[in-house]
Amino acid sequence: PLDTASGAAAAYSLRNLSTSYSGNVVDVRRSSDDTEASFTAAEVAGSTMVDWVGVGNDGHVTKLYDQSGNDNHAVQATPASQPKIVDGGALVAEGLKFDGVDDYLDFSGGRPITSINNTTSFIVAATTDIGTNQMGLTLSSGGTSRWYVPFRSGTDDNFGYGSVSINIGATDAGQHLTTSTANATTLEVFRDGTSKNTATSESGAVSGLFGIGSYGGEYYWGGTISEIIIYDSDQSDNRKAIESNIADYHTIDLPASVDHDSGFNQVDGYVATWYDQSGNGNNAVQAVATSQPKIVVGGELQKDDNNNPELVFAAGFLTATTLTLTQANTTFACYKRDTGTGTSVITDSLSPNSQLVGRAGGNDSWYMYAGVSLTGATGGYTKEVGTFLFNSTSSTIHANGVEVANGDAGTNGSSEGLNIGAYKNGSLNWDGSIQEILIYDSDQSLVRKSIEFNINNAYSIY
């Protein structure tokens with residue numbers, strides 16, 4: 001799953017919001033004897049929690065755990081004001097059930113944001129009380145410090161920001177994802193991935209009321225709330241990726257522009273980390289959602305003609321900042337080029353004066369550079385296993401086991417990390433797929449054929 005809680009100021013859900021989170025997601029009080037217990041996401045999704053609450057009983061939430069790592073848990077000590085997670089012995093559909101009368105949760109660590117003009121919030125909620133005034137999430141209130149969303153006023157949803165109230169659209173009984181972003185100049189609010197309104201940002205220090213499901217003892221939420229993620233930063237660049245992850249889990253339909261279609265669950269999957277399996281911890285990462293390569297397109301795992309998974313690159317790239325190389329070193333790569341426009345790089349150092357491997361002259365040759373350019377012919381748009389040995393005047397390029405160039409590629413190493421799919425953090429992007437990269441900080445000439453055979457045997461290339 002996408003690590004949607006990474007870098008968040010606060011994150012609440014009944015599912016795990018990151019691959020690293022394995023703790024409890026909720027504390028529950030059962031109505032039969034007021035006993036409390038803690039539960040993980042798996043115990044909520046399975047029968048453990050419901051069985052513990054018991055047939056015909058209610059389960060009330062006393063704590064919704066903050067998965068951001070900041071321990072700002074959402075809590076409620078007053079029994080009458082605790083939302084339900086189990087109603088009459090059955091798991092509540094779509095999250096926590098707020099009664100619209102006196103149910104709400106407070107942030108135990110205080111308000112998670114510091115200013116209204118550098119904040120992003122995501123909330124998944126549904127209402128049962130159309131026509132009544134109610135608030136799902138209140139982060140700050142009063143004058144220019146206002147941030148509450150969604151604010152149900154009459155028959156409309158609104159985003160309360162600064163000194164203005166921004167209309168989101170007509171209220172209905174469905175579950176919706178409301179996203180609100182603000183930076184120093186512009187704020188924007190989205191419902192289910194579609195922009196509903198923009199306005200000029202205001203500068204306001206946060207103050208006033210805060211909480212989930214209420215506005216300081218009034219405007220109680222009547223309905224369900226299933227997920228809230230709050231960032232003390234502008235997440236506009238990552239919005240689509242985060243929305244796709246949230247909507248896929250909660251079965252909310254997003255527009256095609258957010259890589260989610262009317263069939264539901266047809267999202268694109270982006271690679272945030274490609275793990276180094278050598279044991280050296282040189283993981284290739286990309287934190288910016290718009291620069292991440294894809295591994296799932298339209299709900300389908302990307303595969304080659306032989307049904308092997310592959311990463312699809314276009315504008316995306318990955319960086320292993322901790323990897324450094326000295327000569328001699330050898331790179332083995334399995335790849336396929338889709339277009340022949342311009343020059344695209346598969347692997348390279350961050351420094352323009354260090355070594356790199358790429359395509360030259362559109363699609364008709366490979367080149368290596370570590371101070372001197374070495375080029376060799378290639379097979380065009382077919383899949384290849386490329387082997388690139390940097391060893392000064394004894395450097396070589398092999399394509400599908402055949403040597404296509406030898407000579408001097410220079411003596412520079414790679415001292416500032418490595419890119420996969422682009423040159424210098426985002427230029428000369430690779431347009432095609434990459435399935436495997438093996439990098440040795442040594443001359444692997446003696447075992448080159450064995451390694452190439454192994455790769456070819458896995459992918460059936462030549």
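Which residues lie nearest the centre of the second largest pocket? They are D276, Q277, I437, L438 and I439, out of a lining of 20 residues. Keep in mind that this is a predicted model, in which local features need pLDDT of at least 70 and side-chain atom pairs count only at pLDDT 80 or more, while totals for chains, interfaces and linings use all residues. Residues are numbered from 1 along each chain as its sequence is written, and side-chain values use heavy atoms, with hydrogens and water left out.

**The chain as a whole**

- The chain has four helices and 36 strands; helices (H or I, at least four residues) and strands (E, at least two) are DSSP runs, numbered from the N terminus.
- Along its principal axes, the C-alpha trace spans about 80 × 50 × 35 Å.
- Of the 462 residues in the chain, 53% are buried. Buried means under 20% relative accessible area, exposed means over 50%, and partly exposed is in between (1.4 Å probe, protein chains only).
- The accessible surface comes to about 18100 Å², and carbon and sulfur atoms account for 47% of that. Accessible areas come from the Shrake-Rupley method with a 1.4 Å probe, and for residues only the protein chains shown count as cover.
- Among contacts between residues at least 6 apart in sequence, 63% join residues at least 24 apart. Contact here means heavy atoms within 4.5 Å.

**The second largest pocket**

- This pocket holds about 580 Å³ of space. On a 1 Å grid over the protein atoms alone, a pocket is an open set of points with protein on both sides within 12 Å along at least five of seven lines, a cavity is a set of points where a 1.4 Å probe fits but cannot get out, and lining residues have an atom within 4 Å of a point.
- For volumes, grid points are joined across faces, edges and corners, and the space counted is that filled by probe spheres set on the points.
- β35 (418-420) and β36 (432-440) are the elements that give two or more residues to the lining of the second largest pocket. The largest share, six residues, comes from β36.
- By type, the lining of this pocket divides into twelve nonpolar, five polar and three charged residues. Ala, Val, Leu, Ile, Met, Phe, Trp, Tyr, Cys and Pro count as nonpolar, Asp, Glu, Lys and Arg as charged, and the others, Gly among them, as polar.

**Enclosed space**

- A search of the whole structure finds three cavities of 30 Å³ or more, and about 50 Å³ of space lies in the largest cavity.
- Lining the largest cavity are Y12, L64, L96, F98, I212, I225, S226, E227 and I228, which divide into seven nonpolar, one polar and one charged.
- Two strands, β8 (96-99) and β19 (222-231), each supply at least two residues of that lining; β19 gives the most, with four residues.

**Nonpolar cores**

- In soluble globular proteins, nonpolar side chains tend to be buried together.
- The largest nonpolar core has 44 residues, and V26, M49, I85, L137, F159 and I212 have the most contacts inside it. A nonpolar core is a set of buried Ala, Val, Leu, Ile, Met, Phe, Trp, Tyr and Cys residues joined through side-chain atoms within 4.5 Å.
- Not counting residues up to four places away in sequence, L137 touches F107, S121, I123, W147, Y148, V149, G211, I212, I228 and I230.
- A second, separate core has 26 residues, including L311, L323, A409 and L418.

**A buried threonine**

- T178 sits in strand β15 (residues 176-182) and counts as buried because its relative accessible area is 4%.
- Leaving aside neighbours within four places in sequence, T178 is in contact with S121, F122, I123, V149, P150, I168, V189 and F190.

**Backbone details to look at**

- The peptide bond from V149 to P150 is cis, with omega near -20°; P150 belongs to strand β12 (residues 147-153).
- Another cis peptide bond runs from Q327 to A328, with omega near 5°, and A328 is in the loop between β26 (318-320) and β27 (329-337).
- D71 has a positive phi of about 55° although it is not a glycine. D71 is in the loop between β4 (59-64) and β5 (74-75) and counts as exposed, at 53% relative accessibility.
- S460, also not a glycine, has a positive phi near 55°. S460 is found in the segment after α4 (448-459) and is exposed, at 51% relative accessibility.
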